[in-house]
Amino acid sequence: MMMNIPELFRCPISCDLFTDPVTLSTGQTYDKASIEKWLAYGNLTCPVTMKRLHDTSLVPNHTLRHLIEQWLLTASVNEYSSMLMNPIKSMDVMLSTLKQNLQFPAPIPMTKLETLRIIKLLSLESSSRQSSLIQAGFFELLLQVLFQFPIAESAEITELALDDVLNLLPSADLESLNMLRKGSNLAQLVFLLEQGNAQIKTSLCYLLEAIATCSATQELCLMLGRRQKVMQVLVSLLLDKTNPRASEAALRAVCSLCLSEANRSNAISEGAIGGLIAYLSSLGCVPSSRNRHTTTRALATLELLSGLDIGKRKMMKTPNAIGILVKMVFRIPSDQGGSEHAVGSLILMCCDSAKARTEAINAGVLTQLLLLLQSQCSHQAKSKARALLKMLRAMWAKDQGGL
């Protein structure tokens with residue numbers, strides 16, 4: 001009889017039900033007999049990740065073994081066949097055990113790690129599994145693990161808990177995130193953002209983006225926007241050229257926080273404009289297709305920040321800011337809206353400053369605008385391009401006449 005064993009309970013090597021699950025240093029779990037045979041043949045890599053193993057020790061996965069035992073024992077002997085054909089019947093029992101492992105006041109670190117790994121596998125399995133986890137209250141519980149319980153025993157626990165939160169994020173009720181408005185929880189978030197490793201910081205950036213773009217968490221968004229440390233860390237990540245993934249995540253967080261007008265002044269004061277310009281500069285003249293969306297968001301945010309007097313002053317003090325904007329006028333595909341935002345920022349800069357107008361003209365803005373007008377760009381982009389050309393002609397004549 002074919003058994004419909006959940007993928008979670010299958011060894012990746014034998015594809016059979018685990019009998020003695022053990023975990024490698026890579027975090028992957030295998031049946032002990034299968035992985036020992038793999039290693040005995042002289043293989044020094046993890047079969048799933050193919051990462052080289054510097055540590056071949058095998059750690060028993062007690063949590064997974066316990067869940068398998070529960071799955072097998074939920075039905076009576078007479079019901080065993082139907083149980084194997086419909087493993088969902090044991091899901092409630094499985095989730096109850098996982099919740100107990102997370103709720104226990106002082107769980108053994110390895111037990112918590114095993115539990116978080118299993119939740120991650122379940123959350124990635126299907127949307128129905130995500131729904132089951134959310135309905136069982138795991139989203140709120142994972143937030144508590146991150147922000148209410150004592151600081152995690154290891155970075156790996158924090159990383160896994162954040163992975164699980166982000167996996168459930170699209171289907172969760174984000175109002176639960178308002179628990180972070182509590183002082184101690186907010187302090188823990190800022191601490192993790194400041195002291196966490198690159199992976200933790202990157203994951204928190206995605207969480208900040210979700211908070212800033214949800215109508216139910218706008219008060220929390222404002223609280224985060226007022227925290228100097230939050231914006232300082234995000235800007236430092238923007239400026240970090242060694243980790244493109246973290247830099248892109250930070251950009252998404254900064255742009256999302258700046259959608260709220262109340263957050264913009266603090267963002268400017270903490271260096272957001274310099275960070276955004278540096279990010280655009282690092283992409284080169286023609287951003288790749290992968291970076292086009294984030295590039296457009298960066299330009300849109302610069303236009304928002306340039307709308308404030310403090311923003312215009314900061315832009316003028318930022319080296320090569322106008323030159324970067326000029327390059328972006330005809331470097332972003334029109335359907336992405338980047339050209340429109342680049343021209344919009346230049347209009348705001350040039351309308352009040354002869355220095356900005358001179359710098360823009362010297363950087364080749366006139367040629368860029370003419371090329372844009374001849375392209376298939378949007379109506380809004382062409383309208384702004386014509387407005388900037390008209391302004392530059394009038395102002396340039398006036399500036400020259402005053403010399």
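The model on screen is predicted.

**Stop 1: helices H8 and H10**

Select residues 155–168, which form helix H8, and residues 198–212, which form helix H10. Their axes lie 10 Å apart and pack at an angle of about 25°. H8 and H10 are therefore roughly parallel to each other. Look at how one passes the other: the crossing of H8 and H10 is left-handed.

Now show the side chains at the contact. On the H8 side, pick Ala-155, Thr-158, Glu-159, Leu-162, Asp-163, Val-165 and Leu-166. On the H10 side, pick Gln-199, Ile-200, Ser-203, Leu-204, Tyr-206 and Leu-207. Coloured by class, the contact of H8 with H10 shows eight nonpolar, three polar and two charged residues.

**Stop 2: helices H18 and H20**

Move on to residues 321–329 for helix H18 and residues 354–362 for helix H20. The two axes come within 9 Å and cross at roughly 50°. H18 and H20 are therefore oblique to each other. Their crossing is right-handed.

Which residues meet here? Ile-322, Gly-323 and Val-326 of H18 meet Ala-356, Glu-359 and Ala-360 of H20. By class, the contact of H18 with H20 holds four nonpolar residues, one polar and one charged.

**Stop 3**

E1 belongs to an open sheet of three strands, in the order E2-E1-E3, with antiparallel pairing.

Click on Pro-21 and look across to E2: Asp-31 stands opposite.

Then select residues 32–40, helix H1. H1 lies across E1 and E2, and runs at about 95° to E2.

**Stop 4: confidence**

Finally, colour the chain by pLDDT. The chain average is 85, and 86% of the residues score at least 70. Select residues 75–89, where pLDDT stays under 50. The model has 21 contacts beyond four places in sequence for residues 75–89. Where pLDDT is low, the predicted coordinates should not be read in detail.

Notes:
Residues numbered from 1 in each chain as written. Predicted model: local features only at pLDDT ≥ 70, side-chain atom pairs only at ≥ 80, totals over all residues. Heavy atoms only, no water. Axes fitted to C-alpha atoms, helices over the stretch in contact; angles between N-to-C directions. Helix = DSSP H or I, 4+ residues; strand = E, 2+ residues; numbered from the N terminus. Parallel < 35°, antiparallel > 145°, perpendicular 65-115°, else oblique. Left-handed = near helix turned anticlockwise from the far one by under 90°. Contact = heavy atoms within 4.5 Å. Nonpolar A, V, L, I, M, F, W, Y, C, P; charged D, E, K, R; others polar. pLDDT = per-residue confidence, 0-100. Pairing = 2+ DSSP bridges.
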